Amino acid sequence: MGLNRKPTAGAAQSGDPYLPAHGNGGYRVEHYDLDIDYKLAANRLAGRAVLTAVADAPLSRFSLDLTAFRVPRVTVDGKPAKFGQRGGKLHVTPARPVTGRFTVEVRYVGNPTPISSRWGDVGWDELTDGALVASQPIGAPSWFPCNDHPSDKASYRIAVTTAAPYTVAATGVLTARRRSAGTRTWVYERAEPTASYLVSVQIGRYDEVVLAAGPVHQVALLPARLRKNAARDLGRHPAILTTLEGFFGPYPFANYQLVVTDDELDVPIEAQGMSIFGANHIDGRRTHERLVVHELTHQWFGNSLTIADWRHIWLNEGFATYAEWLWSEASGGRAAAAHARQWHAHLAAKPADLVLADPGPARMFDERVYKRGALALHALRLRIGDDRFFALLRDWTARHRHATVTTAQFVQLAGRHTDGDLTAFFTAWLHRPALPEIAVAGD
């Protein structure tokens, strides 16, 4: 990347152990200001991105993650900069080395396409009548220049202009809406630190349904044809949020948007303050309510508490999966212990070749990361008791609110919530491939 000196401790490092091509060293971004004009019929995006960043040491060159857009102009602190594009990077050479806080403005234009990955295509994608963003884990550069590393969290202002008949939902709280000459501009702001992969834009012909006016504003944006089904499928959403607050502490953001596309989606999509579902997830029978719980839980585990790198993915998915079991129990369904028995038997029949705390990039989204993560939490609950377990979860979310977290930090904090030694317990569950036994009878 051409740094003058090694980045200081605490900086977003260049790359991730699992995704070394993403992320850039030597600086951290404080704020993104994004202005996007999107023409749906042509799938044409013209963008202006202004990044406010802080250099950890003088930088004569630096890079941003950005895919195949044409970039006509880059300025650094208001002065034209030299730049080049290769390998999914925008390489910038400012007129003079930057020190401390600096701003980068990038103008870019092109036809956004998702990024191909081993997990499928991720990023900006076209719908039948609209567009969506599904950036986890490397899709953010498909629509804006960024430091695409989960540990580099920043605030955002996102303004999207598109055809007037369409509704735009984006990461943040809606602060302005303007209409002119057949288009409408939607402005969203997110003050809380947000990782690039959790920033989202959704565009479609959507009706707005208020699920709860407060204290956390909860809305669903969905096609008119799905309103009746959604009334049942999302009818318990305020109760779900209240129940999860009892387990995990206060909801960490001011609002929550639940978007349902008119297309079918294979799986729901997580974003900061937002979840995205396909039309197939709304059937009027609450068939997929567990997924509603799962994605809402990510607002605590994944969004407020963001993993420092992708090795720690179980801290997102294990907690969100266990929340499904907790809601089932709290709402009069199957007890968490019954879910644990079922999934322990299921995983016991699988190969014992996955280490939960370091599954490897090919298995980041393996079913076993989700279910074994949930089992580890249930086993911990049995080991230390309900009072200490839920106190631990609330302490975990409060202590690291809007920060980044690691497995080692969770293990250390868990040790403070028990009188016993948990070393052997966590070694077995997190660092060994063999599936430990779990005593669930009578739970």
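**Close-up 1. Lining of the largest pocket in the predicted model.** The largest pocket is lined by 36 residues, among which Asp266, Val267, Pro268, Ile269 and Tyr370 lie nearest its centre; a pocket here is an open set of points on a 1 Å grid over the protein atoms alone, where a 1.4 Å probe fits, with protein on both sides within 12 Å along at least five of seven lines, and lining residues have an atom within 4 Å of a point. Two or more lining residues each come from strand S10 (120-127), strand S11 (130-134), strand S20 (269-271), helix H3 (289-297), helix H4 (314-330) and helix H6 (367-384), helices (H or I, at least four residues) and strands (E, at least two) being DSSP runs numbered from the N terminus. S10 gives the largest share of this lining, seven residues. The space in the largest pocket is about 950 Å³, the volume being that filled by probe spheres set on grid points joined across faces, edges and corners. This is a predicted model, in which local features need pLDDT of at least 70 and side-chain atom pairs count only at pLDDT 80 or more, whereas totals for chains, interfaces and linings use all residues. Residues are numbered from 1 along each chain as its sequence is written, and side-chain values use heavy atoms, with hydrogens and water left out.

Close-up 2. His417 is placed in the loop between helix H8 (407-416) and helix H9 (423-431), and is buried, with a relative accessible area of 16%. Leaving aside residues up to four places away in sequence, His417 touches Ile384, Arg388, Ala391, Leu392 and Asp395, a contact meaning heavy atoms within 4.5 Å.

**Close-up 3. Val106 in strand S8.** Val106, in strand S8 (residues 101-110), counts as buried at 0% relative accessibility. Not counting residues up to four places away in sequence, Val106 touches Gly47, Arg48, Ala49, Leu64, Val71, Arg73, Val74, Leu90 and Pro145. The C-alpha atoms of Val106 and Pro72, 34 residues apart along the chain, are separated by 8.3 Å.

Key. Buried means under 20% relative accessible area, exposed over 50%, partly exposed in between (1.4 Å probe, protein chains only).
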